[in-house]
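My notes follow the order in which I checked them.

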Amino acid sequence: MPGITREEVAHLGRLARLELSGDELDHFAGQLDDIIGAVARVTEVAGEDVPPTSHPLPLTNVMRPDTVRPSLTPQQALSGAPAQEQQRFKVPQILGED
Amino acid sequence: MTDIIRLTAAQTAEKIASGELTAVEVTEAHLARIEAVDEKVHAFLHIDREGALAQARAVDAKRAAGEPLGPLAGVPLAMKDIFTTEGVPTTVGSKILEGWLPPYDSTVTKRLKAADVVILGKTNMDEFAMGSSTENSAYGPTGNPWDLTRIPGGSGGGSAAALASYQAPLALGTDTGGSIRQPAAVTGTVGVKPTYGGVSRYGMVAFSSSLDQGGPCARTVLDAALLHEAIGGHDPLDSTSIDAPVPPVVEAARSGDVRGMRIGVVKELGGDGYQAGVVQRFDESVEVLRELGAEVVEISCPSFVYALAAYYLIAPSECSSNLARFDAMRYGMRVGDDGTRSAEDVTALTREAGFGAEVKRRIILGTYALSSGYYDAYYGSAQKVRTLITRDFEKAFESVDVLVSPTTPTTAFPLGERVDDPLAMYLVDLCTIPVNLAGNAAMSLPCGLAPEDGLPVGLQIIAPALKDDRLYRVGAAVEAAFVKKWGHPLLEEAPQL
């Protein structure tokens, strides 16, 4: 079984946009190793011929008529925004400096 | 004088409809009870006193005007803090949504309001419904009314504790791996996970979308059925909502006849590792079913032993994806936006500050299981196990009408015992998880107290998808037999708070 290192947890944190403190990295690395060790038994059971199930219902696309219907007002949609400006969500910079 | 808070939901609605009680009196009695005991229990995160009283006054006005009242009109309900409520705080037990006022109602909230149910407030839960003890709430744990030093189950511990301490006759939960049934089992109450797609997920904060299912919590089987009927049914706003009528759950709960039914005891859910008193009470329940005229056989579901492992890959994978929406941009907490940091850094810092340990663990675990090189081995294999579990159920239901098992391997354990031992905590959901993976329906109802600790034990009944009514038929029969045997409902043995 692959051991999960502190560095790997830090990498996963970056992928998940989740800052982790040094203590958390140490703590989670050990726990995740245990958890992965325990859940790895799923690899033992199902053969090639077993199809995967991603969802309990056999659904394909569910469509609705393409008609105008009531929705949130801009004011309602922005009501929980941490910051807003000119009826828009105001966010920190997304692109680097020019 | 009637002890209002000890009435069932069905009795309460009847008394309001007949004029014996007003909805305002009923609501005030429950608000007073909350005031008196919730400091100790901590079932609620938010009390909506004004909203509840306004709703109750509207019910009384309707009755005075001679308008027809629905079967739950004026009955108070405690709502798990995972369903959005317009203008009323919805935190999902997380700091990241502290202070957020949703701009819309979940479909379930809307249906309850339309049914004139009085929503008292929002109940405590494990953060984002991840947990089995309510200790992962960012706002402190809830106590089990049977013993306040023990867990009330989770994630819906607040809802179950509110019922068991007579703070509300009805409550709502969500069940991803057992979060309705396990709290019901350890608090001596009734909880139902409906068939996946039976109750709309619109406005229910997502944890693991292919597993999450909202459902009713109550003190009696009939009350759960009445609530199930009020919230169930097709919703065009949820693309995974089943377009079929709600199964006849109320009728089934009123019949409670199991004569001629075939009931399977799941061989893999019991025996070694189960608390002796749990096994004893479960065996007695099976005996009761036989005495009531059911035919009981043993059924083997060999893939169930892999259910827990599959669940702890699938649920974290879906959670890591679902919780990506908490990015500090549109709503909720934002940390570290000092004008110098990038949006990406602000997102990462906000999530560090806003999420608790279990949520972080699961996001990391899910990110791992879905990452390149591990996807096929972990997530892919877990999905195959899901197929095998579904096949086990299909095969079982070819020969029996319902399956039964204990709901949980043990009774309520002490607060703090497993909080930093994730694997021990995950084992709590051993018996409940297979149902979520397959998407069928299950109920937990009280079947006695474990002799060694005097704490409630739950009986789990499992039905095929869309046959939710069978749960209520069997549940009502067992409940009636036990109440007759005990001379009173189990909750009357709970200590005074």
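I began with the UniProt record, an unreviewed entry, which places the feature "domain: Amidase" at residues 25-471 of chain B; such positions are given in the numbering used here, feature names are shortened, and annotations may be inferred rather than shown by experiment. I noted that this is a predicted model, in which local features need pLDDT of at least 70 and side-chain atom pairs count only at pLDDT 80 or more, while totals for chains, interfaces and linings use all residues. Residues are numbered from 1 along each chain as its sequence is written, and chains are lettered from A and ligands numbered from 1 in the order in which they are written.

Over residues 25-471 of chain B I read 38% helix and 14% strand, with the end C-alpha atoms 33 Å apart (helices, H or I of at least four residues, and strands, E of at least two, are DSSP runs numbered from the N terminus).

Next I looked up helix α7 (residues 221-231) and helix α16 (residues 468-486) of chain B, whose axes come within 9 Å and cross at roughly 155° (axes are lines fitted to C-alpha atoms, for helices over the stretch in contact, and angles run from 0 to 180 degrees between N-to-C directions). I therefore recorded α7(B) as roughly antiparallel to α16(B), a term for angles over 145 degrees.

Last, I found 55 residues of chain B in contact with 45 residues of chain A (C-beta atoms, placed from the backbone, within 7 Å). The largest share of the side of chain B that touches chain A, eleven residues, comes from α13(B).

Definitions and conventions. Contact = placed C-beta atoms within 7 Å. Parallel < 35°, antiparallel > 145°, perpendicular 65-115°, else oblique.
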